[in-house]
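The sequence and structure are shown first, and an account of the fold and of two individual residues follows.

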Amino acid sequence: MRVTCFLCERVEEIDDNSLLAKRIRHRPLTPYLCPACHDRIAQKTLARRRQSQGGSKSTPRGQERS
Ligand SMILES: [Zn+2]
């Protein structure tokens with residue numbers, strides 16, 4: 001079946017018998033991500049997680065007491 005990536009709107013062909021195809025057929029509003037966008041989002045999520053970890057460590061806690 002044909003699916004459209006909801007980020008870049010590229011049309012991809014996926015296996016009719018795949019789990020994803022079944023899910024989309026049952027719920028047509030299920031967002032589909034092409035592999036490229038999926039990778040991009042995964043990398044962004046990883047980068048954000050790394051940033052938030054570094055940020056929480058750099059905030060000084062001792063200042064709240066004074
Ligand atoms: Zn895409």
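What percentage of the 66 residues of the protein count as buried? The share is 2%. The model is a predicted one, with a mean pLDDT of 87 for the protein; 80% of the residues reach 70 or more.

**Elements and confidence**

The protein contains two helices and two strands, and their order from the N terminus is β-β-α-α. Mean pLDDT among these elements is lowest in helix 2 and highest in strand 2, as tabulated here.

| Element | Residues | Mean pLDDT |
|---|---|---|
| Helix 2 | residues 35-58 | 86 |
| Strand 2 | residues 11-13 | 95 |

When contacts between residues at least 6 apart in sequence are considered, 44% of them join residues at least 24 apart.

**Ile 24**

Helix 1, which spans residues 19-26, includes Ile 24. Is this residue buried, exposed or partly exposed? Ile 24 counts as partly exposed because 17 other C-beta atoms lie within 10 Å, whereas a buried residue would need 20 or more and an exposed one 12 or fewer. Leaving aside residues up to four places away in sequence, Ile 24 touches Val 3, Thr 30 and Tyr 32. Val 3 stands 21 residues from Ile 24 along the chain, and the C-alpha atoms of the two are separated by 8.7 Å.

**Glu 9**

The loop between strand 1 (2-4) and strand 2 holds Glu 9. Although Glu 9 is not a glycine, its phi is positive, at about 60°. Why does Glu 9 count as exposed? Glu 9 has 8 C-beta neighbours inside 10 Å, and a residue is exposed if that number is 12 or fewer.

Terms used:
Residues are numbered from 1 along each chain as its sequence is written. This is a predicted model: local features need pLDDT of at least 70, side-chain atom pairs count only at pLDDT 80 or more; totals for chains, interfaces and linings use all residues. pLDDT is the predictor's confidence in each residue, from 0 to 100. Helices (H or I, at least four residues) and strands (E, at least two) are DSSP runs, numbered from the N terminus. Two residues are in contact if their C-beta atoms, placed from the backbone, lie within 7 Å.
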